[in-house]
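Good morning, and thank you for coming.

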Amino acid sequence: MTPGRWRRVLAVVGAGAFSGLVAGSLMLLTAMIHAEVTDLGFWLPLRQVAALWFGVDALIGDGGVILVGLLTHLVVAAGWGIVFAALTRSGPSLGVSLVLALAFATALWMVMTWVVVPVVAPVMYERIRLVPVAWYAIHLVFGAGLALAPVLTWFFEGRPRDRTEEAEPAGEPALA
Amino acid sequence: MRSRVRIPAAIVALACLISSAAAVADQPAWFTQPGADVSANPRVTAQMLRVLRWKAQLDITLSQHARVRADRPEVRRYAQRLLRDHQLIEERLLGLAERLDLELRPPAAEEEAQAERIRQHIRQLRGLTGSSFEAEWLAMMASSHRTAIQQLARLRSEVQEPEARALVRNALSLSDQHLALTRTLQRQQPLGVLGVGPNTPLWIQILTQAGRSP
């Protein structure tokens with residue numbers, strides 16, 4: 001692999017992980033505020049994530065359990081960020097990137113709701129069934145955060161975004 | 001470049017819109033299996049919701065005591081969890097009863113019997129402190145959840161209305177979780193992870209079993 005290729009891979013991984021962490025933090029904050037406002041408990045989202053490891057006991061666990069939930073959530077968010085950055089590495093514009101990120105988050109929501117969560121996180125599943133709209137909304141927040149990934153990829157690559165592909169074909173006169 | 005992005009972007013945007021419309025509908029029935037019989041029996045549905053509401057009210061009242069009187073922080077957290085889960089279930093069932101135009105107030109004699117039962121539980125807890133309070137309260141919760149699970153499981157097979165079925169299924173699963181937590185606290189064992197403890201998630205149990213087999 002050439003040094004240029006390595007640099008590109010690292011830029012995609014770095015940008016994806018960073019945007020995933022930002023998006024995951026926004027998602028988590030939204031979920032925790034919602035949980036507090038609806039009187040479900042501020043820490044419930046993190047306890048539910050920690051239930052992946054501790055089972056239902058996570059619901060009565062102490063600060064350590066909450067920390068495990070936080071780390072798990074952020075690692076998973078960073079992972080999905082890397083996947084999204086790899087899918088959009090061709091560098092769409094910010095508007096297209098936002099649409100793609102929201103669609104990606106929606107697809108993720110579907111997979112999580114009907115495949116992953118019922119199987120691996122039944123403790124979380126029984127509670128998201130009671131707040132389905134909020135569950136979807138926090139995924140959209142995650143998607144909005146992920147839209148940063150292409151911009152960050154250009155930044156980590158250390159070059160301005162290459163717009164030549166979108167410009168007029170070479171040789172044709174400019175409209176002006 | 002633009003044409004490379006436009007088609008998949010349009011497809012996924014469409015998927016996004018369709019699912020958004022589903023989300024805005026705010027129906028817990030999303031989670032129900034399709035094909036449920038909608039020819040509901042309102043009497044059975046109302047009876048099921050009354051049982052659910054009575055159990056929620058009993059647990060809410062008793063959890064309010066435990067939230068402030070229990071010694072161990074995990075017991076207080078459990079009481080708080082019970083309170084919040086039951087409040088959410090009660091909110092959902094009241095909304096459902098309103099939509100289906102069902103009367104949830106039980107007959108006067110039954111209502112008085114329920115109130116007397118709550119007073120009896122509170123009398124049992126009076127004067128108890130520390131570990132003796134916790135032991136008595138946890139025993140009440142274990143008994144209350146076991147009874148609720150039996151009653152709801154029986155009623156679930158009779159209820160036809162899809163949203164009510166979804167709600168009772170949800171309430172049953174939450175009751176199972178509450179009962180599991182009660183048992184953990186009654187054993188006074190620390191929380192376990194990676195194959196330790198009876199409440200360990202199934203996927204970890206499978207992984208640890210696979211790791212042990214030759």
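In this predicted model, chain A has an average pLDDT of 85, and 88% of its residues score at least 70. Where pLDDT is low, the predicted coordinates should not be read in detail.

Let us turn to helix α4 of chain A, residues 94-120. At which residue does this helix bend? The bend, of about 50°, is at A:Met112. A:Met112 is also one of the buried residues of α4(A), which include A:Phe104 and A:Trp109.

Next, the nonpolar cores. The largest has 59 residues, and B:Met48, B:Tyr78 and B:Trp137 are among those with the most contacts inside it. Helix α2 (44-54) of chain A supplies at least two residues of this core, as does, for example, α5 (130-156) of chain B. Leaving aside residues up to four places away in sequence, B:Met48 touches B:Leu152, B:Leu155, B:Val159, B:Ala164 and B:Val168. A second, separate core of 27 residues includes A:Phe104 and A:Tyr136.

Finally, consider A:Thr72, in helix α3 (residues 63-87) of chain A. Why does A:Thr72 count as buried? It does so because its relative accessibility is 12%, and the cut-off is under 20%. A polar atom of the A:Thr72 side chain lies 2.7 Å from the backbone oxygen of A:Val68. Not counting residues up to four places away in sequence, A:Thr72 touches A:Val49, A:Leu52 and A:Trp53.

Notes
Residues are numbered from 1 along each chain as its sequence is written. Chains are lettered from A and ligands numbered from 1 in the order in which they are written. This is a predicted model: local features need pLDDT of at least 70, side-chain atom pairs count only at pLDDT 80 or more; totals for chains, interfaces and linings use all residues. Side-chain values use heavy atoms; hydrogens and water are left out. pLDDT is the predictor's confidence in each residue, from 0 to 100. The bend at a residue is the angle between axes fitted to the seven residues ending there and the seven starting there. Helices (H or I, at least four residues) and strands (E, at least two) are DSSP runs, numbered from the N terminus. Buried means under 20% relative accessible area, exposed over 50%, partly exposed in between (1.4 Å probe, protein chains only). A nonpolar core is a set of buried Ala, Val, Leu, Ile, Met, Phe, Trp, Tyr and Cys residues joined through side-chain atoms within 4.5 Å. Contact means heavy atoms within 4.5 Å. A polar contact is a pair of N or O atoms within 3.5 Å; within protein, one must be able to donate a hydrogen and the other to accept it, and residues adjacent in sequence count only if both atoms are side-chain atoms.
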